[in-house]
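Here is a briefing on the strand order and helix packing of the structure shown below.

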Amino acid sequence: MQVETMPLLEVSGLTTCFKTGLDGREINAVENVSFSVRPGETLAIVGESGSGKSVTSLSVMGLLPARTGRIASGSVKFRGRELTTLDNQAMRGIRGREMSMIFQEPMTSLNPVYTIGHQIAEVIVLHQKLGYKAALEKAVEMLDLVGIPEPRKRIQNYPHQMSGGMRQRAMIAMALSCEPALLIADEPTTALDVTIQAQVLELLKDLQARIGMAMVFITHDLGVVAEVADRVCVMYAGQIVETGSAIDIFKAPAMPYTSALLKSVPRLGMGDTRLTAIPGYVPPLSRLPKGCRFRTRCAHSAEICASGQPDLVDMSSGHAARCFRAQELSLRNEAVA
Amino acid sequence: MIVEGGAQPLLQVRNLKKHFGVGSGLFHRPTAVVKAIDGISFDIQRGEVMGLVGESGSGKTTVGRSVLRLVEPTSGEVMFKGQNIGALDPKGLRAARRDMQIVFQDPDASLNPREKVRQVIGRALDIHTIGTRGEREGRIIDLLEKVGLSGDYIDRYPHEFSGGQRQRIGIARALAVEPSFIVADEPVSALDVSVQAQVINLMSDLQRDLGLTMLFIAHDLAVVEHISNRIIVMYLGKIMEIAPAKSLYGNPQHPYTKALMSAVPRPDPTHKHNRILLQGDIPSPINPPSGCVFRTRCPIATAECAQIVPDIIQVAPGHGSACLKNG
């Protein structure tokens, strides 16, 4: 069917810039980013601090800070509809109903003076034209769905009366209360303990299968990426530097940054084998090296790398890398069978 | 029992407890007690890296602070080089601290933004009156180079460095007084993945080259396993399991350790998880469960687990586990 093969979300050539410092000079936090998400699939955007992964998601949701950030160029299409030109009111109609977002720290996105039940019901009343009582009933159902015990009691709780894991579940319940077609999850498990993270990841995967939503999952944690992603975009210094299926990215990375990042993660059971660190640090966006942005830290850097910016070049179907030398280098990851 | 690692430990911790009063009743009297550490014992040998892993509320940070007497333990003993740290007067404690230092998680919070590197590191030398003024500059430059920074950075302020570089300065400051023992409290948790590996490698190198003894505290089991000789797994103020790193990874005994290991996401999409998914939340340390503190989330708990507080029993040489089911 035509509708099914059409991407749910299509971002093309997105450039988002921010005003910095006192002089108000603008820098590109995200540059020429393109990706698409099909219904029901999970795309992970992985990167370190300053890579632009969170700015990308805020741009898609229309949640950039109004005074400092703006989309300079590019398009964001959701179900074929251009979002970048929508006014706030139209955008609010889409946000929360058709696409939702959850953040790293649920405490900052929950209102401390209202009960959890009220906050979830409010979203439902707003988007689903249900009465408050019916909405509250739906809130109980949602809390039950995300595995919060005694949901009827819990709707009377304020956020501070819940643990971190519980709050993140409540956030997920709120985000999913209108059964959105797309969920953007920005580091949703980073603040959680590892045993609680396992529960929340399991929950997200389970809910996704049940209501068939697509996910954009933003994280710095490659372990989490491997667990949830169908496809992966690796970002570095504001650009997508590699994109492909999870298997492509983990098994046969083509961009030296991806490969180096995979080698620098300690794995359980590797004992005291020395880690392969990436030298230096992520360059600030105001002082990017000329040419390839990773070249100053890259073990494979050659003369050509300073000559200009490499394009994102197709390696195989659906797998592309931003590296002049991608074809000649052989960067297979031995750790993945 | 204490699982011995060998003879003449550098640090001996015996039945250490730290209880905090929380809540404010009448006249700010505490209304409840948090048992942050509830009776733990272990030894660290000279030159050994002891990893300490646990989730929030496990008490791992409090252990690190109590060992250095940065918080006053409620009861129990900390013996450092045979000296009871708890019995020292302020002067004695200061002298002892020259030999035991700490590296904190957040270099942003632990470096004074108004002080240049020269002052940050020089302060430690001043307090312990190490070297003459003339010698100091050379010493600070040596320290910077030892942690992989250029000596030219001596007159820079913390904000001029990246997070990883700031953590290197934190390490240089700890090393300034030439301690034999370092508590590293989540030293790489705030760092980016690519930088984390640099700092882990640096700490391994320094530990080996300087023969340091270390208590390495982290929530990330893979990081701890990588750097440690032995590992303690804590949960709600108690030791669940203590073992050589290889033995803990290869042959975990405690159901909590097993669940913790299975919960760690692997950077491998082909990895098939046989995940032990724990139910519920970590209980509040204000009101921990009776008997075994892990029993409320334990997949194999039985009625007796609510009655009996399990002792650590030896399951293999140097490998102890506090579970009734291990017997």
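The points below treat the sheet of each chain in turn. The model is a predicted one. In chain A, eight strands make up an open sheet with mixed pairing, and in chain B eight strands likewise form an open sheet of mixed pairing.

**Sheet of chain A**
- The strands follow the order β6-β7-β8-β3-β9-β10-β12-β11 in chain A.
- The edge positions of chain A are held by β6 (99-102) and β11 (313-316); each has a single partner strand, so one side of each lacks a neighbour in the sheet.
- From one strand to the next, the twist averages 20 degrees.
- Strands β9 (residues 231-236) and β10 (residues 239-245) of chain A run antiparallel and are joined by six bridges.
- Within this pair, Val234(A) faces Glu242(A) of β10(A).

**Helices on the sheet of chain A**
- Helix α2 (residues 53-61) of chain A packs on the sheet and touches β3 (42-46), β6, β7 (182-186), β8 (214-219) and β9 of chain A.
- The direction of α2 makes about 145 degrees with that of β6(A).
- Helix α9 (residues 194-211) of chain A lies across β3, β7 and β8 of chain A, at about 160 degrees to β8(A).

**Sheet of chain B**
- The strand order in chain B is β6-β7-β8-β3-β9-β10-β12-β11.
- In chain B, β6 (100-103) and β11 (313-316) stand at the edges with a single partner strand each, so one side of each has no neighbour in the sheet.
- Direction ignored, neighbouring strands of this sheet are turned by 20 degrees against each other on average.
- Three bridges link β11(B) to the antiparallel strand β12 (residues 319-321) of chain B.
- Gln314(B) stands opposite Gly320(B) in β12(B).

Note on methods:
Residues are numbered from 1 along each chain as its sequence is written. Chains are lettered from A and ligands numbered from 1 in the order in which they are written. This is a predicted model: local features need pLDDT of at least 70, side-chain atom pairs count only at pLDDT 80 or more; totals for chains, interfaces and linings use all residues. Side-chain values use heavy atoms; hydrogens and water are left out. Two strands pair if DSSP finds at least two bridges between them. Helices (H or I, at least four residues) and strands (E, at least two) are DSSP runs, numbered from the N terminus. Axes are lines fitted to C-alpha atoms, for helices over the stretch in contact, and angles run from 0 to 180 degrees between N-to-C directions. Contact means heavy atoms within 4.5 Å.
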